[in-house]
Every structure is written in structure tokens, then in C-alpha cells.
Amino acid sequence: MSSFISGLDLSQSYFKEVVEPILRADFPEIAFSAGLLGAGSEVLGFDTEMSTDHDWGPRLSLFLPEADLKAYGEDVKRVLGEKLPPLFRGYPTGFTVAPVGTQAEPLSNYAEAREEPVEHRVSVTSIADFIAQYLGFDLSQEIRSLDWLTFPEQKLLSLTGGRLFHDQIGIHKVLSRFAYYPQDVWLYLLACAWRRIEQEEHLMGRAGSVGDELGSRLIASRLVRDLMRLSFLMEKQYAPYPKWFGTAFGKLSLAPDLKPLLEQVLSQSVWQEREKFLVKAYEYLADCHNRLGITETLPAQCSPFHDRPFLVISKGLYSAAILARIEDPFLKELAERPLIGSVSQFSDSTDLQVDPLWRSALVHLYCQQ
């Protein structure tokens, strides 16, 4: 039987059994919070034994109030480096120092961990600094609709989907600000998700009709991905990045009905068969949309795309109906321009999603008139 323990459970035990007692003994005057947030498969609970080969091990973020971080932060880091054990539950607590753009590797054995300075993975920070570095956002500001569009969805998920082990200074209140999109932002993203489908729903059959089954398969796969993204939005759940996208989709409440249809779409060898299952998926999600009650009841049966023999669901109807319900002035004005959605809807570039330095440029993108 495997002895694997999830990273969340390992890190919580590490905090409770090792880190917290050190803090209580050496810094009894400091209030703090601690948890595992941000990057890493284990933050979302998706890690497996394979995950332990890099950037994995006993680690956590220790959050101090701003004044205490300034006064005690370096001392806390130093004391932890001196007192943390080299191993915890058989896993090294020290990591190599990773050059920019590479991964930090756990120190491989007890001797190495004892003889070299331990680069532990207990980050000592404030919640404001953490958010600034991770999202590129100043916590002293209100979160604008513009900000929501430039926050990568994966980062919002890993910020709110991790685990707090101890919260003496109340950072859960800060994290709750990012719990989910405000109503009008949600409506805008739903409309943009439908628009992506509306723009390509007829193209799968068109490509197949000229014998391009490879192109038809490719378009079908794009439509499947967009239907899955629409599903996350309908259930008001943040979607993760591609590695865990299907895994997280399988946990949605509509997945038992929708997932088999999408799997059939991707397994068919001819476009006519793909269309049969896409139609069922379209109609299922159209019915889900009507149950949301956010617009008037819309037709939930597929019909030909104008005079062409390709069955589609929306032809622009769904996105337009949703946009009509938006009240936020910025989003209403934005909706008058071609719809691009959030950064996670119009781009799957890893570098664009990961590096917060791009966020200021993205802000300017939405502000162009």
C-alpha cells in the first residue's frame, strides 16, 4: 500500500507539529496566520505520488501583520532555518535554491539537509505582499470589474481553494474578497463563453463537409473545451489550468450527464456523429441556462445554421440575452465592443497567465477605446 500523503495534509501536520511550536516558543508576542495557498497541484488537492518529484514537500505560507513582518520577519526566517528538522515524515524540509524559471528540488537526504544551509519552504510574508506578488493587485484598493477580467482564473482558484491551518489575524476575510466573480462580471463572462461557442458551433460540420476530418476534430475539441468552461461558469466554480481541467470538471454537479456526451464527441471518426453528440450537449446546457433564470426562457433545441445543414443552438441569441442583463457601466460599455472575455477566456498562454507583470498591460488592453 502506498504511503503517500497529500501535500495539504502533510503541510498542515508540519505546521501543527513543527512550525507552530517554534513560533510559540521563540515569538510568543507575534500573531500570525498560516496555510497553503497559491501555486502547486497539492493546493487544489490534485497531487499524487508523481507530484513529489519537484516543488513538493513540507511547505506553507506564514502570514504576519505588516508591522510584525517588518520588525520580526527576518528573525523568524532565521530561527526557522536553524530549528526546523531536516526531515518531516520522511520528506526533506530543505530545498535547493532554484534559479529563475526553474524548479526547486527537495534536498535528497538527511546528510545533505544537515550540512548545507536549509532553504526551507516556510515563506514569511504578509497577506498584502502575497497578493501583490501572486496577483499583481494592491489590497488597499477596491477590486474593479477591470481587475476581475485580468486575474487568471487558475490563480483565483488556487488563492481561494487552498487551506488555512491557523488564522489568528483573519486573512480569511481578505481571501473572501476573491471568492467568486461579482454578478455583472459573471454575466459578462457567461456571455463571452456563449459567444465563443456561437462563433464556432457551425464550423465543425463545415470542415467535415469538405472532407477535412482532422480540422473538424480540432474544432470539435475546441467546442468541447468551451462547453466545459461554460459549465464551470454556470456552477460558479473557478476552472484550473489544463493539467487539472478535466479532473476538476468531473467534480461539477452536471458532469455525470454532460461528460459522457463530450467524450462521445471526441471519440467519433466522422463529423455527422460528432454533431449528434454536440447537439445533445448543446441542448443540455441550454436547459441548464434556462434553469439559472438569468434571462427570459430561450429556445433549448438545436436548429440549422441559417440555410446550411449544420445544427447549432444559439446563433447569437444566448450571448445577447445575457449581455442585456448587465448593469455595471464599465461592462455595459465593454460589451458594446467585440467580446473577448477575461484573460483566461481569450488566451491559454502559460506565461501570460502565470506572470503578474503582464497584468498592467492587460488592463490597458481593456481600456483602449
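Trainee: Which residues of H10 meet which residues of H12?

Mentor: In this predicted model, Arg217, Ala220, Ser221, Val224, Leu227, Met228 and Ser231 of H10 meet Leu258, Leu262, Val265 and Leu266 of H12. By class, the residues of this contact of H10 with H12 divide into 8 nonpolar, 2 polar and 1 charged.

Trainee: At what angle do H10 and H12 pack?

Mentor: The angle between H10 and H12 (residues 255-267) is about 165°, and their axes lie 9 Å apart. Angles over 145 degrees count as roughly antiparallel, and H10 is therefore roughly antiparallel to H12. The crossing of these two helices is left-handed.

Trainee: How does the pair H1 and H2 read, and at what angle do their axes cross?

Mentor: The axes of H1 (residues 7-26) and H2 (residues 66-83) come within 11 Å and cross at roughly 125°. H1 and H2 are therefore oblique to each other. H1 passes H2 in a right-handed crossing. On the H1 side, the residues in contact are Val19, Ile22, Leu23 and Asp26, which meet Val76, Val79, Leu80 and Lys83 of H2. This contact of H1 with H2 comprises 6 nonpolar, no polar and 2 charged residues.

Trainee: Which residues does Phe178 touch?

Mentor: Leaving aside residues up to four places away in sequence, Phe178 touches Ile131, Leu135, Phe137, Leu139, Ile143, Trp148, Phe151, Leu156, Leu159, Thr160 and Tyr238.

Trainee: Is H6 mostly covered or mostly uncovered, and how many of its residues are buried?

Mentor: Burial is judged residue by residue, with under 20% relative accessible area as the cut-off. By that criterion, 7 of the 8 residues of H6 (residues 153-160) are buried, and the helix is mostly covered. The buried residues are Glu153, Gln154, Lys155, Leu156, Leu157, Ser158 and Leu159.

Trainee: Which helices do the buried residues of H6 pack against?

Mentor: Their partners are H4 (127-135), H5 (145-150), H7 (171-175), H10 (213-234), H16 (343-346) and H17 (350-354). Among the buried residues of H6, Leu156 and Leu159 are also touched by Phe178.

Key
Residues are numbered from 1 along each chain as its sequence is written. This is a predicted model: local features need pLDDT of at least 70, side-chain atom pairs count only at pLDDT 80 or more; totals for chains, interfaces and linings use all residues. Side-chain values use heavy atoms; hydrogens and water are left out. Axes are lines fitted to C-alpha atoms, for helices over the stretch in contact, and angles run from 0 to 180 degrees between N-to-C directions. Helices (H or I, at least four residues) and strands (E, at least two) are DSSP runs, numbered from the N terminus. Angles under 35 degrees count as roughly parallel, over 145 as roughly antiparallel, 65 to 115 as roughly perpendicular and the rest as oblique. A crossing is left-handed if the near helix is turned anticlockwise from the far one by less than a right angle, and right-handed if clockwise. Contact means heavy atoms within 4.5 Å. Ala, Val, Leu, Ile, Met, Phe, Trp, Tyr, Cys and Pro count as nonpolar, Asp, Glu, Lys and Arg as charged, and the others, Gly among them, as polar. Buried means under 20% relative accessible area, exposed over 50%, partly exposed in between (1.4 Å probe, protein chains only).
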